[in-house]
Amino acid sequence: MSFHAPHRRTFLRHLAVASLGLSGLASQAAGISEQPIKIIVPFAPGAGTDAMGRLVAAKLAELLKVAVVVENRVGASGALGAQAVAQSAPDGHTLLLAAAPFTTVPAALPGAGYDPLADFAPVGMIAQGPLVWAANNRLPANTLQELVALARQRPGALNYGSAGVGGINHLVLESLKARTGTFITHIPYRGIAPATIDALSGEIQLLTGTIPALAPYIRDGRLKALAVTSERRSPALPQVPSMAEAGLSGFDVLNYFALMAPRDTPASVVERLNTALAQLVDMPEVKARLALDALEPATGTPAALASFLRKDFEGWKNVVQRQNLKIDAF
């Protein structure tokens, strides 16, 4: 069959409208409308969490056939962004890109303004990876065991820089102190970058950070790695011992990335998003990107994520209570 040009254009317009209608019906049947999805990233553009949020947004848009945008809602160590999502409509169109501060901040500060367990519907885990203990080269300790021994000999004499009070960089130190009965002076910074600069210059002796943030200085010899914060070694730093190898079995601290929806989001919507997230993490290009960031894929059900968050949150609350930390604000 042949068409004259005007009739052919009319036919194509009707075909396009019909296709859009079927696409819309498919999305609605899955519990997701054609409205854009907004992923709130609670940290500044350019940070690791922001990069992850933009990767997830781009791939979700491909899979769900809807627009997915990133909005950076910065402040209070991620609490402002979490609050914004907790207060949003539970329709699957406002999501939170959660990372470790999602649980450490409310564990350290009860007035953070949100409850990570009660105020959200977990969608799914994306990836996980350890931090790395790094030291200035002048520190007379080359292993975590030697660091602990030195801290016991010289209580309060050693110092440690973190990205700020209440964050994972701070609480991982408090966890080490609680496990080993040591006292190391905590010096909070506004971000890991200035803490790293002072570690390189010798102003501070010790810090932890993500592997991508500190690996360049470890590899060129300007910092020395004592251990990674997980129970097993990281493929990104295979020569660096794990916490179990350092004599602290059961010490397993991981930075994580997960997707969260507001509480009362329909189960059908959560399930559709979880299915798309699993497909996303299985993409070869996403796996390659995660490997570059020293992360490992960590997909699972919403229930599995809920269980992980409960254990993580309660664990950090125990550290705060055991160390008698008094934090009024971030």
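1. In this predicted model, strand 5 (residues 159-162) and strand 6 (residues 185-188) run parallel and are joined by four bridges. Within that pairing, the residue of strand 6 that stands opposite Asn159 is Thr185. Between the two strands the chain passes through helix 6 (residues 168-180), and the β-α-β crossover made in this way is right-handed.

2. Strand 5 is also joined to strand 7 (residues 206-210), again in a parallel arrangement, here by two bridges. In this pairing Tyr160 stands opposite Leu206 of strand 7. As for the side chains of strand 5, Asn159 and Gly161 point one way while Tyr160 and Ser162 point the other way, and all of them are buried.

3. Which residues lie nearest the centre of the largest pocket? They are Phe43, Ala47, Thr49, Ala163 and Asn169, out of a lining of 45 residues. The volume of this pocket is about 1,200 Å³. Two or more lining residues come from each of helix 2 (48-64), strand 4 (120-136), helix 6, helix 7 (192-201), strand 7, helix 8 (211-219), strand 9 (254-262) and helix 10 (284-292). Helix 2 makes the biggest contribution of these, giving five residues to the lining. Sorted by class, the lining of the largest pocket comprises 29 nonpolar, 13 polar and three charged residues.

4. The second largest pocket has a volume of about 540 Å³, and among the 16 residues that line it, Gly250, Asp252, Val253, Asp312 and Gly315 are the closest to its centre. Helix 6 and helix 11 (302-322) are the elements that give two or more residues to this lining, with helix 11 providing the largest share, namely eight residues. By class, the residues lining the second largest pocket are seven nonpolar, four polar and five charged. Two residues in the loop between strand 2 (68-72) and helix 3 (79-86) may be read together. Ala76, which is found in that loop, has a positive phi of about 55° although it is not a glycine. Ser77 lies in the loop between strand 2 and helix 3 too, and Ser77 likewise has a positive phi of about 55° without being a glycine.

5. Are Ala76 and Ser77 buried, partly exposed or exposed? Ala76 has a relative accessibility of 35%, so it counts as partly exposed. Ser77, for its part, has a relative accessible area of 29%, which means that Ser77 is partly exposed.

Key:
Residues numbered from 1 in each chain as written. Predicted model: local features only at pLDDT ≥ 70, side-chain atom pairs only at ≥ 80, totals over all residues. Heavy atoms only, no water. Buried < 20%, exposed > 50% of the residue type's maximum accessible area, 1.4 Å probe, protein only. Pairing = 2+ DSSP bridges. Right-handed = clockwise from strand over helix to strand, strands pointing away. 1 Å grid on protein atoms, 1.4 Å probe; cavity = no way out; pocket = protein on both sides within 12 Å on 5 of 7 lines; lining within 4 Å. Points joined across faces, edges and corners; volume = space filled by probe spheres on them. Nonpolar A, V, L, I, M, F, W, Y, C, P; charged D, E, K, R; others polar.
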